[in-house]
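Please read the following report alongside the sequence and the 3D view.

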Amino acid sequence: MTAARDPFRLTDRLEPAALEVMATRLEARGRQPGFVQPLADYLQAMAIDHRAEVLDLGCGTGIAARVIARRPGFRGRVHGIDLSPHLVAEATRLAEAEGRADRLSFAVGDVQALDRPPRSVDAVVAHTLFSHLA
């Protein structure tokens, strides 16, 4: 999908109404079996349940981050990064609503230009991100 047709490439520039629709759709998709099972499968394969620090790139509303934080035995923190201040605010709100704010943090940032020190996380998740990058 070209950048002009892919709204996920420009979430930092969309109108709030469009971002509300996007957030609603992301959350609805996050409950669909065709999304839930592949995410569960690859999180299981990654064996991140006991990792101290996880980075969720292109976190959107924090669906994958919240799934990780709910996994039995998970004792660490998930740090979500997204281009959109609106989606980061929604991810933060949803984490608080689930009572998981102690395990989750979200920040605005460009996943293609991260300023993180080497080895600062134990695992990186980029669920459904790569198809939206240039």
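## A serine and its strands

A polar atom of the side chain of Ser 84 lies 3.0 Å from the backbone nitrogen of Leu 87, a polar contact being a pair of N or O atoms within 3.5 Å in which, within protein, one must be able to donate a hydrogen and the other to accept it, while residues adjacent in sequence count only if both atoms are side-chain atoms. This is a predicted model, in which local features need pLDDT of at least 70 and side-chain atom pairs count only at pLDDT 80 or more, whereas totals for chains, interfaces and linings use all residues. Residues are numbered from 1 along each chain as its sequence is written, and side-chain values use heavy atoms, with hydrogens and water left out.

Ser 84 sits in the loop between S2 and helix H4 (85–97), where helices (H or I, at least four residues) and strands (E, at least two) are DSSP runs numbered from the N terminus. With a relative accessible area of 0%, Ser 84 is buried; buried means under 20% relative accessible area, exposed over 50%, and partly exposed in between, for a 1.4 Å probe and protein chains only. Not counting residues up to four places away in sequence, Ser 84 touches Thr 11, Asp 12, Leu 19 and Val 108, contact meaning heavy atoms within 4.5 Å. The C-alpha atoms of Ser 84 and Leu 104 are separated by 17 Å, and these residues are 20 apart along the chain.

The table lists the pairings, two strands being paired if DSSP finds at least two bridges between them.

| Strands | Sense | Bridges |
|---|---|---|
| S1 and S2 (residues 77–82) | parallel | five bridges |
| S1 and S4 (residues 123–125) | parallel | three bridges |
| S2 and S3 (residues 104–108) | parallel | five bridges |

The chain passes from S1 through helix H3 (residues 63–70) to S2 in a right-handed β-α-β crossover, that is, with the strands pointing away from the viewer, the path from the first strand over the helix to the second runs clockwise. On the S4 side, the bridge partner of Leu 55 is Val 124. Gly 80, in turn, stands opposite Phe 106 in S3, and the β-α-β crossover from S2 through H4 to S3 is right-handed.
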